[in-house]
Amino acid sequence: IPQISYASTAPELSDPGRYEFFSRVVPPDSYQAQAMVAVVRALGWSYVSTLASEGNYGESGVEAFVQSSREAGGLCIAQSIKIPREPKPGEFAKVIGRLMETSTARGVVLFANEDDIRRVLEAATLANLSGHFSWVGSDSWGAKMAPVQGLEDAADGAITILPKRASVPG
């Protein structure tokens, strides 16, 4: 059955051997990861952490970022943290604590869903670390307000990636 997707960005869907009748109108996450590496390098960062929601989107996005950073060179990944699919109470405080273990890696690359992003920002605020981290977020954050509403201080200065889009008249 032929399928055309307007939102599926998982890189494995680009494999024509497995998904012969699948096509999409958005680029795969690997392009996003390349753009994020370019942003990190343009900012002059050489030491960053990554944060991913458990699952295909987050994990494959971070994997693509790490691969692109290796190819580009000059970028060290301090640590890669995975947010569990069903986080327990206090999980996000632990995430912020782990990020602080390598506190000189103030740049954090996020491939996470909206709810996880919001909860990370809340945990950073509760830990009195608003402004400590500089976030580079994927398209799940993009231009959305929901993840940052009321948490603007923690998100201040974040750079997010969003594929180009346009309205089609009629």
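This is a predicted model: local features need pLDDT of at least 70, side-chain atom pairs count only at pLDDT 80 or more; totals for chains, interfaces and linings use all residues.
Residues are numbered from 1 along each chain as its sequence is written. Local features need pLDDT of at least 70 and side-chain atom pairs pLDDT 80 or more, while totals for chains, interfaces and linings use all residues.

Let's start with the record: an unreviewed UniProt entry annotates residues 1–169 as "domain: Receptor ligand binding region". Over that stretch the chain is 35% helix and 19% strand, with its end C-alpha atoms 29 Å apart. Helices (H or I, at least four residues) and strands (E, at least two) are DSSP runs.

Now to the salt bridges (a side-chain nitrogen of Lys or Arg within 4 Å of a carboxyl oxygen of Asp or Glu). The structure holds four, among them these:

| Pair | N to O distance |
|---|---|
| E59 and K82 | 3.4 Å |
| E114 and K144 | 3.2 Å |
| D115 and R119 | 3.6 Å |

E59 sits in helix α2 (residues 56–72) and K82 in strand β4 (residues 76–83), 23 residues apart. E114, in helix α4 (residues 114–126), and K144, in the loop between β6 (134–137) and α5 (152–155), are 30 residues apart. D115 and R119 are four residues apart in helix α4, so about one helical turn separates them.

Partly exposed means a relative accessible area between the buried (under 20%) and exposed (over 50%) classes, with a 1.4 Å probe and protein chains only. E59 is partly exposed at 33%, and K82 is too at 45%.

Notes:
Side-chain values use heavy atoms; hydrogens and water are left out. UniProt positions are given in the numbering used here, feature names are shortened, and annotations may be inferred rather than shown by experiment.
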